Protein chains: 2
Amino acid sequence: VITRLEVRLPSIEPNTIDRSYLIYIDPDAGAETRLAEEVRRRAASSTIGLITDETVAGLHWPRVEAALAERGLKVVTVVVPDGESSKSLKTVEEVADRFVRGGLDRRSLVVALGGGVVGDLGGFVASVFLRGVPYVQVPTTLLAQVDSSVGGKTGVNLASGKNLVGTFHQPLCVYADLTTLSTLPARDLSSGLAEIVKHGVIADEALLLRLEERAEEARAGDPALLAELVRRSCAIKAEVVATDERELLSDAPGGGRAQLNFGHTVGHALESASAGGPAPLRHGEAVALGMIAAARVGEKLGLGDPALEARLVALLPRLGLPTDLDRRLDGPTLERVGVDKKRAGGRVAMVLVPRIGQAALSPIEPHRLGEILLGRKAR
Amino acid sequence: VITRLEVRLPSIEPNTIDRSYLIYIDPDAGAETRLAEEVRRRAASSTIGLITDETVAGLHWPRVEAALAERGLKVVTVVVPDGESSKSLKTVEEVADRFVRGGLDRRSLVVALGGGVVGDLGGFVASVFLRGVPYVQVPTTLLAQVDSSVGGKTGVNLASGKNLVGTFHQPLCVYADLTTLSTLPARDLSSGLAEIVKHGVIADEALLLRLEERAEEARAGDPALLAELVRRSCAIKAEVVATDERELLSDAPGGGRAQLNFGHTVGHALESASAGGPAPLRHGEAVALGMIAAARVGEKLGLGDPALEARLVALLPRLGLPTDLDRRLDGPTLERVGVDKKRAGGRVAMVLVPRIGQAALSPIEPHRLGEILLGRKAR
């Protein structure tokens with residue numbers, strides 16, 4: 001049974017098409033034929049672009065490409081190397097050039113088939129190719145299905161940091177084929193579960209309770225449970241995005257879209273500090289540690305739920321996620337928080353959780369962050 | 001006396017600021033102080049970015065930077081090499097990286113101080129830096145003042161063609177300091193006059209008559225005349241952009257924003273064919289030749305004003321612009337029209353002028369274009 005969730009975006013400029021769109025959550029075999037049908041229905045040109053990475057090209061691309069070709073679509077596929085290094089302007093240049101040479105024009109659409117890297121890159125390419133063409137997100141990891149494929153944030157990295165160049169460009173639709181999760185490595189499944197925990201903590205205690213109740217089954221990849229978790233997670237993300245598409249309401253109560261950054265302030269710092277080292281953290285693993293950090297900061301400042309840290313520390317290992325924040329966090333890593341793009345006026349805007357199911361953005365002096373997170377370590 | 005023209009953009013998404021903006025046309029000495037005041041008034045952060053090129057850095061940057069600094073703004077300046085080669089994703093990466101390291105954040109604005117290359121590049125950087133920051137266009141060439149600085153089209157080039165990667169991103173304001181024209185080389189002044197001719201032909205016969213009446217004074221850079229021409233040109237551009245910001249009405253009568261491409265279909269092909277050769281064409285020179293081509297195609301198809309070609313051929317040399325289309329156009333050059341991004345369904349959408357002051361978009365088979373434009377040459 002396919003679930004259809006609507007991302008309702010506010011009224012639009014004249015001359016532009018409706019920007020609200022559907023997230024399809026399809027748990028059944030043969031999803032590629034239904035996905036291909038959706039793409040064909042939306043394609044204004046029969047020449048389309050497809051971006052994927054090496055792993056997904058081996059696992060899922062053949063059946064997806066065949067289903068698209070069967071419907072008369074000429075697919076210009078570009079396979080990028082796995083991993084964050086493909087989120088670069090150099091790759092954007094290569095992909096766009098291949099699309100021009102392959103015959104794409106302004107009426108063509110682009111399919112992003114893969115995880116978060118492919119989605120962020122593919123969305124960005126679509127947003128700037130010929131000054132913007134439509135695109136369809138086909139997320140193949142749990143992380144992308146519950147988080148990055150929804151909401152229109154696109155981006156690539158610079159030497160000076162992650163996602164520093166990007167756009168807001170909403171997809172035509174998101175098609176989540178949940179059968180792709182059966183081939184997902186355990187660590188990547190866990191990484192996706194971290195973002196589901198995040199959605200529960202900031203917006204829906206019932207979702208958090210569900211995870212606490214069935215953590216082992218989630219970690220083992222139970223299909224029915226995952227389908228339910230993806231649905232609930234996407235519904236939360238869609239609602240937040242609908243109220244603050246461009247992350248302009250950070251100063252409003254609740255923090256608007258910025259509340260989705262819960263766990264990401266310290267998480268991003270840990271992720272980039274570990275990158276290139278002997279034990280790089282997955283995005284969701286870094287977010288897991290970042291959520292613990294945010295819970296602790298909230299408690300110490302009297303602005304966060306005092307039970308949250310303990311609850312996270314109990315749940316995360318059951319989902320295959322790390323909790324060793326104190327071992328991993330040091331001064332130089334925390335320094336990286338300062339170059340985070342959400343910084344404003346020298347203070348760090350951090351998402352805290354006054355009580356579970358509710359989030360709020362609080363500006364925090366970086367030195368307070370150090371006292372709370374490193375002071376405890378030194379004790 | 002400063003002229004203020006409004007670019008009125010249609011209603012906007014909730015959560016975003018008003019997108020209508022002013023074009024300031026300032027013919028008087030000391031414009032940099034008034035410009036700096038406008039920037040300061042609009043800057044949400046005291047750290048701002050400034051993009052310029054080597055020539056403008058020598059001519060105008062010192063007084064502009066000093067005026068900005070005097071108002072307490074910290075200016076992070078990036079000087080790019082002169083010329084089209086700076087319109088690349090590689091330059092975008094370098095500029096964005098310098099902006100991050102210089103301390104720009106999401107509240108910072110960017111100033112593009114220069115001609116068309118700097119404006120297109122600067123606008124593109126602003127549109128993708130931290131997913132979009134505001135920017136101010138400060139055009140220092142006639143071409144940029146009457147055309148490229150207004151309307152929000154940004155872009156960089158790919159190996160496969162010009163402006164194939166870009167965005168629509170409207171500036172906060174455009175500040176045209178007309179005193180910059182006194183240092184502009186004669187060929188660049190003529191290049192700008194070509195776009196004024198274009199505006200007259202597609203939208204305002206009185207403007208064309210004015211040029212025909214005073215061509216030599218325009219070419220000599222008469223300040224009062226240039227101020228008048230810039231004003232009338234910007235008013236036309238602003239009106240067209242207001243009705244079709246994203247160039248989506250190409251199929252409507254009049255062609256919407258696409259009518260501004262009059263002379264550009266064949267012009268772009270000539271411009272890129274000549275690039276890197278012994279005698280590269282300036283953009284306006286290529287457009288001058290492209291307008292002659294479009295006039296001829298229109299006449300032959302019975303869709304264009306039959307007097308237009310002769311009128312252009314009489315006027316353009318008086319403005320320092322070329323008319324030797326037949327000598328310059330050959331088969332391989334015309335082939336390039338096929339890779340133009342405005343191509344749709346195998347036909348070339350070309351702007352024709354049924355009568356002077358009016359434009360219309362007509363889909364044309366590429367082989368007809370060859371017959372008309374090369375057949376005559378072969379005769």
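Visitor: Are A:Phe99 and A:Phe129 buried or exposed?

Guide: Both A:Phe99 and A:Phe129 are buried. Keep in mind that this is a predicted model.

Visitor: How many aromatic pairs are there over all chains?

Guide: The count comes to four aromatic pairs over all chains. A:Phe99 and A:Phe129 make an edge-to-face pair, because their ring centres are 5.8 Å apart and their planes stand at 80 degrees.

Visitor: Where do A:Phe99 and A:Phe129 lie?

Guide: A:Phe99 is in helix 4 (residues 89-101) of chain A, while A:Phe129 is in the loop between helix 5 (116-128) and strand 6 (135-139) of chain A. So the pair ties together parts that are 30 residues apart in sequence.

Visitor: And B:Tyr24 with B:Tyr175, what kind of aromatic pair do they form?

Guide: A stacked one: B:Tyr24 and B:Tyr175 are 5.2 Å centre to centre, with 20 degrees between the planes. The pair links distant parts of the chain, with B:Tyr24 in strand 2 (residues 21-26) and B:Tyr175 in strand 9 (residues 173-177) of chain B, 151 residues apart. Both B:Tyr24 and B:Tyr175 are buried.

Visitor: OK, back to chain A. At what angle do the axes of helix 4 and helix 5 of chain A cross?

Guide: Roughly 60 degrees, and the axes of helix 4 and helix 5 of chain A come within 10 Å. That angle is why helix 4 of chain A counts as oblique to helix 5 of chain A. The crossing of these two helices of chain A is right-handed.

Visitor: Which residues make the contact?

Guide: From helix 4 of chain A you have A:Leu89, A:Thr91, A:Val92, A:Val95 and A:Phe99. Helix 5 of chain A brings A:Leu121, A:Phe124, A:Val125 and A:Val128.

Visitor: Switching to sheets. What's the strand order in the open sheet of chain B?

Guide: Seven strands in the order 1-2-9-6-5-3-4, with mixed pairing. Strand 1 (3-7) and strand 4 (74-80) of chain B are the edge strands, each pairing on one side only. On average, neighbouring strands of this sheet are turned by 20 degrees against each other, direction ignored.

Visitor: Do strand 3 and strand 5 of chain B run parallel or antiparallel?

Guide: Parallel, and four bridges join strand 3 (residues 47-53) to strand 5 (residues 110-114) of chain B. For instance, B:Leu50 has B:Val111 in strand 5 of chain B as its bridge partner.

Visitor: Which strands does helix 1 of chain B touch?

Guide: Helix 1 (residues 31-42) of chain B packs on the sheet, touching strand 2, strand 3, strand 5, strand 6 (135-139) and strand 9 of chain B. Its direction makes about 170 degrees with that of strand 9 of chain B.

Visitor: What about helix 4 of chain B, which strands does it lie across?

Guide: Helix 4 (residues 89-101) of chain B lies across strand 3, strand 4 and strand 5 of chain B. Helix 4 of chain B runs at about 160 degrees to strand 4 of chain B.

Visitor: How many residues of strand 8 of chain B are buried?

Guide: Six of the eight residues of strand 8 (residues 161-168) of chain B are buried, so this strand is largely enclosed by the rest of the structure.

Visitor: New topic, a lysine: is A:Lys237 buried or exposed?

Guide: A:Lys237 counts as buried, because its relative accessibility is 5%. A:Lys237 lies in helix 10 (residues 223-243) of chain A.

Visitor: What does A:Lys237 touch?

Guide: Leaving out residues up to four places away in sequence, A:Lys237 touches A:Asp147, A:Ser148, A:Val150, A:His199, A:Arg257 and A:Leu260.

Visitor: Last one. What's the phi of A:Leu130?

Guide: A:Leu130 has a positive phi of about 50 degrees although it is not a glycine. Most residues other than glycine have a negative phi. A:Leu130 sits in the loop between helix 5 and strand 6 of chain A, and A:Leu130 is buried, with a relative accessible area of 6%.

Conventions
Residues are numbered from 1 along each chain as its sequence is written. Chains are lettered from A and ligands numbered from 1 in the order in which they are written. This is a predicted model: local features need pLDDT of at least 70, side-chain atom pairs count only at pLDDT 80 or more; totals for chains, interfaces and linings use all residues. Side-chain values use heavy atoms; hydrogens and water are left out. Buried means under 20% relative accessible area, exposed over 50%, partly exposed in between (1.4 Å probe, protein chains only). Rings of Phe, Tyr and Trp (its six-membered ring) pair if their centres lie within 6.5 Å; planes under 30 degrees apart count as stacked, over 60 as edge-to-face and the rest as tilted. Two strands pair if DSSP finds at least two bridges between them. Axes are lines fitted to C-alpha atoms, for helices over the stretch in contact, and angles run from 0 to 180 degrees between N-to-C directions. Contact means heavy atoms within 4.5 Å. Angles under 35 degrees count as roughly parallel, over 145 as roughly antiparallel, 65 to 115 as roughly perpendicular and the rest as oblique. A crossing is left-handed if the near helix is turned anticlockwise from the far one by less than a right angle, and right-handed if clockwise.
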